[in-house]
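Work through the exercises below with the sequence and the model open. Each task is followed by a solution in steps.

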There are 2 protein chains.
Amino acid sequence: MDQSGASPHTSQTERVILTLREMLLRGDFAAGERLAELTLVRRLTASRTPVRLALDRLAREGVLEALPSGGFRVRAFAIADIRDAIEIRGVLEGTAARFAAERLSEPDELLRMRLCCRDSEQLLPMTLENFVRYVEINDAFHAELWRLAKSAMLTRAIEGLITLPFAAPGALVFVNPETDEPTQLAILALEHHRGIVDAIANREGTRAEALAREHARIARRNLNSVLTDRELFNRIPGASLVRLPVPIGAL
Amino acid sequence: MDQSGASPHTSQTERVILTLREMLLRGDFAAGERLAELTLVRRLTASRTPVRLALDRLAREGVLEALPSGGFRVRAFAIADIRDAIEIRGVLEGTAARFAAERLSEPDELLRMRLCCRDSEQLLPMTLENFVRYVEINDAFHAELWRLAKSAMLTRAIEGLITLPFAAPGALVFVNPETDEPTQLAILALEHHRGIVDAIANREGTRAEALAREHARIARRNLNSVLTDRELFNRIPGASLVRLPVPIGAL
DNA sequence: GCGGGGCGCATTGTATACAATCCAGGCGTC
DNA sequence: GACGCCTGGATTGTATACAATGCGCCCCGC
């Protein structure tokens, strides 16, 4: 019936999950705050059943944690958690790159990745309005890498990790747009992307893995950069879930 | 009240999850079979609410999959999925070993791992009655490795993977006990364990990572071994969820 | 005989009532 | 004055009733 494509299944549960996740990432609740079901029932205009399911689901995603005596609270992350999540993504994407190299059956499979490289090259030097498009292309490149690994298990592991908002490939592209940092980073990222494609094409698994790992370090560096400016920091998805040991800028 | 320790929280949901998981791994349902809520309600003597929660949870664990039109069915795995899961565990445990090496603060932290090595050495040559104890020690070693990585994110990723029954460290120790295979494997595993501890102690991150990866290959080899004998194969946790392309033994 | 449409059943999604549990505050006693 | 018990409220866990939706079967028409 509703095949319009906009909302494939407008179930209450789905709606509550999406809304609640958004609220959490936007910072509507404080880190560590306990969430009472009835409160959410009122705010989300749904019954307890879908709210309950949504809470359970978000707990598995990692943004909530279940309390031993029942109920849930907003999870609090440390900066170190973000760093680790990024590094682990690097490890998993490294494995994806290696798998892709080992399992490549014909060169044409790399077509889409090459297209991503060419398209992102066209966006240089990086401007503010190019940024949205750049993030799209970047996401597409990574998705394609995961696909070429040809491993449902690996895809699952990666997806399980990037449910954490700040762990996704495009989560930390927000660098200071008033400097030439964006252009520099895009040049580096493009070089990595090209190297990964080249390594896969030549079936150089180890090189592909090393490059993909190093590639994730860009996000890590961006994190450091972003930590110097509260304005920038707050643009990270899920920034409100991060407990800062010291105020930003005091580093 | 119920602080006896046997069952910390005898909630219906918990009970249903445990029972249903066990039923699935034991093979009470065929791979690909659709599970109707009401059937489970009758078989598990619980209401639909906890059954529903349990289904949702097992779907996230990976042994069930949600159908687009609602409901769930038993997931079917291929041998390649098991291989991949083991390899990914190797990658993640490799990262754990590297983290442990990089983050070691004092030598004493390795005490428990060393004890595991010594204890498993005592069990050589491997006999049938030693096997249970060996699996325990092996599990303890791996749990300790995860702990020493000091990364909640990494622990989460590993735990998310080994919810798949056949991906756990101790899942494929079942080799033919009538040969000297068990002893040989235990000797190899012990050597790996010692090497990992040594590498961590010396803060040799790369070596620790490589060894932990190679260590997981033992499980992979066991898988090949187990694939020659249906009797053995069926002892793998979740064996009934695996779709075999050809009958076992015909390789 | 075959295809399409409609009706009925089975199954899932949602809401709500009820039960159990936990927590906090206050009162009584030692 | 402090400790402990008890009671009341709030909150979560469970059961079940009701609504909606999809699915298959059967009948009718061509």
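**Exercise 1. The second largest pocket**

Task: Sort the residues of the lining of the second largest pocket into nonpolar, polar and charged.

Solution. The lining divides into five charged, two polar and two nonpolar residues. In this sorting Ala, Val, Leu, Ile, Met, Phe, Trp, Tyr, Cys and Pro count as nonpolar, Asp, Glu, Lys and Arg as charged, and the others, Gly among them, as polar. The conventions come next. The model is predicted: local features need pLDDT of at least 70, side-chain atom pairs count only at pLDDT 80 or more, and totals for chains, interfaces and linings use all residues. Residues are numbered from 1 along each chain as its sequence is written, chains are lettered from A and ligands numbered from 1 in the order in which they are written, and side-chain values use heavy atoms, with hydrogens and water left out.

Now list the residues. Chain A gives Thr206(A), Glu209(A), Ala210(A) and Arg213(A); from chain B come Arg98(B), Thr206(B), Glu209(B), Ala210(B) and Arg213(B). A pocket here is an open set of points on a 1 Å grid over the protein atoms alone, where a 1.4 Å probe fits, with protein on both sides within 12 Å along at least five of seven lines; lining residues have an atom within 4 Å of a point.

Then assign elements. Helix H9 (205-226) of chain A and helix H9 (205-226) of chain B each supply at least two residues of this lining. Helices are DSSP runs (H or I, at least four residues), numbered from the N terminus.

Last, the volume is about 200 Å³, taken as the space filled by probe spheres set on the points, which are joined across faces, edges and corners.

**Exercise 2. The interface**

Task: Describe how chain B meets chain A, by contacts and by area.

Solution. Start with contacts (heavy atoms within 4.5 Å): 35 residues of chain B touch 35 residues of chain A. Next take the area. About 2800 Å² is buried between the two chains, 52% of it from carbon and sulfur atoms. In chain B, the residues losing the most area to chain A are Arg60(B), Met153(B) and Arg156(B), together 26% of what that side buries. Buried area is the accessible area (1.4 Å probe) that two parts lose on being put together, summed over both.

**Exercise 3. The nonpolar core**

Task: Which residues have the most contacts inside the largest nonpolar core?

Solution. They are Ile200(A), Leu64(B) and Ile200(B), in a core of 164 residues. Such a core is a set of buried Ala, Val, Leu, Ile, Met, Phe, Trp, Tyr and Cys residues joined through side-chain atoms within 4.5 Å. Take Leu64(B) as the example. Beyond four places in sequence, the contacts of Leu64(B) are Leu24(B), Leu35(B), Leu55(B), Leu58(B), Ala59(B), Phe72(B), Arg73(B), Val74(B) and Arg75(B).

**Exercise 4. Backbone geometry**

Task: Where is the peptide bond cis in chain A and in chain B, and which non-glycine residues have a positive phi of about 55° and about 45°?

Solution. First the cis bonds.

- In chain A, the bond from Leu124(A) to Pro125(A) is cis, with omega near -10°. Pro125(A) sits in the loop between helix H5 (111-122) and helix H6 (128-148).
- In chain B, the bond from Leu124(B) to Pro125(B) is cis, with omega near -5°. The loop holding Pro125(B) is between helix H5 (111-122) and helix H6 (130-148).

Then the positive phi angles.

- Lys150(A) has the value of about 55°. Lys150(A) is in the loop between H6 and helix H7 (152-161) of chain A and is partly exposed, at 36%.
- Thr45(B) has the value of about 45°. Thr45(B) is in the loop between helix H2 (37-44) and helix H3 (48-61) of chain B and is exposed, at 60%.

How values were computed. Buried < 20%, exposed > 50% of the residue type's maximum accessible area, 1.4 Å probe, protein only.
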